[in-house]
Amino acid sequence: MSEIRKDPLSNDWVIIASERGGRPTDLKTETTKEEKGKFCPFCDSSEVSEPVKPHSICAATFAPDGKWMTRILPNKYPALMPEPILAQREMDDLYHCLTGVGGHEILVDSPKHDETLATMSKEQIEAIITNYQCRYSYWRKDPRITYLSVFKNHGKVAGASLHHPHSQLVATPLIPPRLTTELNESKEYFKLNNECLMCKILKTELENKHRLIFENNSVAAFCSFAPRFPFESLIVPKRHSASLEEITKEEISDLAEAMSVIFKKLDKLLNDPPFNYLIHVAPLRTPGLLYYHWHIEVILRLSQPAGFEWGSGVYINSVPPEDAALELNKVKIR
Ligand SMILES: [Zn+2]
Ligand SMILES: [Zn+2]
Ligand SMILES: [Zn+2]
């Protein structure tokens, strides 16, 4: 029997139609090998000193031996440019328009071309998180920017045009609508219950464990209650905080462990599936919100939205999150 579920944060409606699919692991992907000898602009051989200015203060994370672990490059084809102009709003009655001011950076996640989150050391993932933290503090200083989207595309289907492990950042003069929905839902819930919505979700998931896939001292991860896509999951810090920037050293280590375990398991279960993850934080101009709780959304791209999804905004998912969690919890990674 299908079930229609609503996600409390995003307000997305999802039809969980398990009869439509086979077993969750039937979604295994075929590995697509990269062409050999293709030039990689993110590799060590290409200039490490490639301009990180003017919009970078901490260009890279370095290992104790002085070699770079992560670095930042301006995007060659930026969606938005950090021009020194104000984000002006031009409007008439019908069409609204903002100047395309902002930033678009490539965060190179490792010097090793063939590494993935599933094969990286925990120290390398810690360096990636530290790099994210640095970019949030940097962009917060630019009064024109109201939101920073940090995300990772892995695999061609998920939008990664280059194989070398990297994340991206887009700084915008607007708060994305999806975030606005989450902020509004969280604010409303807080008003009614005097409690953060994500703290409540976390408590529920840790108690009933139906969808829990990872837990350590400061981080928990679970398959979403109303996932748009099979294996869609949330990685959530246990301590209430509205922004990734406030993360401590211990929490970075715990988060790196969570990411390492989760991506190792996904890799083993589904054969290096294409995915996106995106970090949701409070808008840059309103840090320290009591009602908003930052998190990472992990979306596997094993099935693509089609006409119904595009047209209605309602998703059909053939894998119940409880089954996805069960499969992930069976995977042994050591
Ligand atoms: Zn490379
Ligand atoms: Zn919270
Ligand atoms: Zn979110």
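This is a predicted model: local features need pLDDT of at least 70, side-chain atom pairs count only at pLDDT 80 or more; totals for chains, interfaces and linings use all residues.
Proline 74 stands opposite glutamate 105, a residue of strand E7. Strand E7 covers residues 103-108, and because six of its six residues are buried, the strand is largely enclosed by the rest of the structure.

**The neighbours of strand E7**

- Strand E4, which spans residues 68-74, runs antiparallel to E7 and is joined to E7 by four bridges.
- Strand E9, made up of residues 166-172, also runs antiparallel to E7, and here six bridges join the two strands.
- Within E9, serine 167 is the bridge partner of leucine 107.

**The two faces of strand E7**

- In a regular strand, the side chains alternate between the two faces of the sheet.
- Both faces of E7 are covered, with Gly103, Glu105 and Leu107 buried on one side and His104, Ile106 and Val108 buried on the other.

**Helices H1 and H4**

- Two packed helices are described by the angle between their axes and by the distance between those axes.
- For helix H1 (residues 122-140) and helix H4 (residues 249-270), the axes come within 8 Å and cross at roughly 120°, and the crossing is right-handed.
- On the H1 side the contact involves Lys122, Ile125, Glu126, Ile129 and Thr130, which meet Ile252, Ser253, Leu255, Ala256, Glu257, Met259 and Ser260 of H4.
- The residues in this contact of H1 with H4 divide into six that are nonpolar, three that are polar and three that are charged.

Note on methods. Residues are numbered from 1 along each chain as its sequence is written. Chains are lettered from A and ligands numbered from 1 in the order in which they are written. A residue is buried if 20 or more other C-beta atoms lie within 10 Å of its own, exposed if 12 or fewer, and partly exposed in between; C-beta atoms are placed from the backbone. Two strands pair if DSSP finds at least two bridges between them. Axes are lines fitted to C-alpha atoms, for helices over the stretch in contact, and angles run from 0 to 180 degrees between N-to-C directions. A crossing is left-handed if the near helix is turned anticlockwise from the far one by less than a right angle, and right-handed if clockwise. Two residues are in contact if their C-beta atoms, placed from the backbone, lie within 7 Å. Ala, Val, Leu, Ile, Met, Phe, Trp, Tyr, Cys and Pro count as nonpolar, Asp, Glu, Lys and Arg as charged, and the others, Gly among them, as polar.
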